[in-house]
Amino acid sequence: MEEKALLPLFLKLDSMLQEKEVLLAIDGGSAAGKTTLGKLLEQRYACNVFHMDDFFLRPEQRTKERLAEPGGNVDRERFYEEVLQKLVERKEVTYRRYDCKTMSLLEPVTLAPTRLTVVEGAYSMHPLFSKHYDYSVFLEVDKETQIERIRKRNTPKMAKRFFQEWILLEQEYFEKLRVKERCDMVI
């Protein structure tokens with residue numbers, strides 16, 4: 001991710017942080033650079049970064065009805081209760097990451113508030129959450145780059161799931177909930 005493309009975001013955050021604490025959402029498609037941007041912000045601002053990947057549904061929650069909802073494959077309720085409510089109240093957050101490999105919740109992690117807090121990942125701009133953010137960014141990625149990145153970082157079997165399942169769910173979420181249009185900045 002080129003720093004030149006991120007300069008408007010850095011300038012906006014610098015300005016906002018002079019006046020108040022900031023809760024930032026980064027949404028966008030698979031392999032768009034959300035996690036990379038989160039890491040850059042973490043290094044630049046010494047901030048906490050929460051990953052929506054840590055809130056995917058556990059197997060017992062994956063019902064046909066739930067997966068039919070736009071953005072339904074993320075545990076919105078757990079994210080809201082364990083993380084977002086506490087962030088809004090500027091309180092310490094204790095939450096459990098979901099491990100996709102073991103399909104279980106890991107031991108609790110506790111984080112103290114930071115001046116900037118980032119929530120990154122697809123589904124971070126779900127309407128249940130979006131009203132709580134101070135600023136939001138949508139990251140775009142062209143199809144060729146997306147395919148290349150997904151193939152590079154996954155086994156062929158996992159890449160196939162991205163292409164046949166997860167990207168389709170993301171696209172439905174983006175379209176039906178007008179995610180890109182509701183973000184403050186598109187990169």
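Among contacts in the chain between residues at least 6 apart in sequence, what share joins residues at least 24 apart? The share is 72%, where contact means heavy atoms within 4.5 Å. The structure is a predicted model, in which local features need pLDDT of at least 70 and side-chain atom pairs count only at pLDDT 80 or more, while totals for chains, interfaces and linings use all residues. Residues are numbered from 1 along each chain as its sequence is written, and side-chain values use heavy atoms, with hydrogens and water left out.

The chain as a whole comes first. Eight helices and seven strands make up its list of elements; helices (H or I, at least four residues) and strands (E, at least two) are DSSP runs, numbered from the N terminus. The C-alpha trace spans about 45 × 35 × 30 Å along its principal axes. A compact globule of 187 residues would have a radius of gyration near 16 Å, and the chain agrees because its own value is 16 Å. This radius is taken over C-alpha atoms, and the globule rule is 2.2 Å times the number of residues to the power 0.38.

Of the 187 residues, 44% count as buried, a term that means under 20% relative accessible area, with exposed over 50% and partly exposed in between (1.4 Å probe, protein chains only). The accessible surface of the chain comes to about 10400 Å², and carbon and sulfur atoms hold 50% of it. Accessible areas come from the Shrake-Rupley method with a 1.4 Å probe, and for residues only the protein chains shown count as cover.

Val119 lies in strand S5 (residues 116-120) and counts as buried because its relative accessibility is 0%. Neighbours within four places in sequence aside, Val119 is in contact with residues including Leu23, Ile26, Phe50, Phe79 and Tyr133. Phe50, in turn, is found in strand S2 (residues 48-51), and it also counts as buried, because its relative accessibility is 0%. With its neighbours within four places left aside, the contacts of Phe50 include Val83, Tyr95, Leu111, Thr117 and Val119. Separation in sequence and in space can be read together: Val119 and Ser136 are 17 residues apart in sequence and 9.4 Å apart C-alpha to C-alpha, whereas Phe50 and Lys152 are 102 residues apart in sequence and 24 Å apart in space, C-alpha to C-alpha.

The pockets come next. On a 1 Å grid over the protein atoms alone, a pocket is an open set of points with protein on both sides within 12 Å along at least five of seven lines, and lining residues have an atom within 4 Å of a point. The largest pocket has a volume of about 1400 Å³; a volume is the space filled by probe spheres set on the points. Its lining has 39 residues, with Asp53, Phe56, Arg153, Phe162 and Trp166 nearest the centre. Helices H2 (34-45), H6 (143-153) and H7 (156-176) each supply at least two residues of this lining, and the largest share, seven residues, comes from H7.

The second largest pocket holds about 270 Å³ of space. Of the 15 residues that line it, Gly29, Phe138, Val141, Gln171 and Phe174 are the closest to its centre. Strand S6 (135-139), H6, H7 and helix H8 (179-182) give two or more residues each to the lining of this second pocket, and H7 gives the most, with five residues.

Notes: 1 Å grid on protein atoms, 1.4 Å probe; cavity = no way out; pocket = protein on both sides within 12 Å on 5 of 7 lines; lining within 4 Å.
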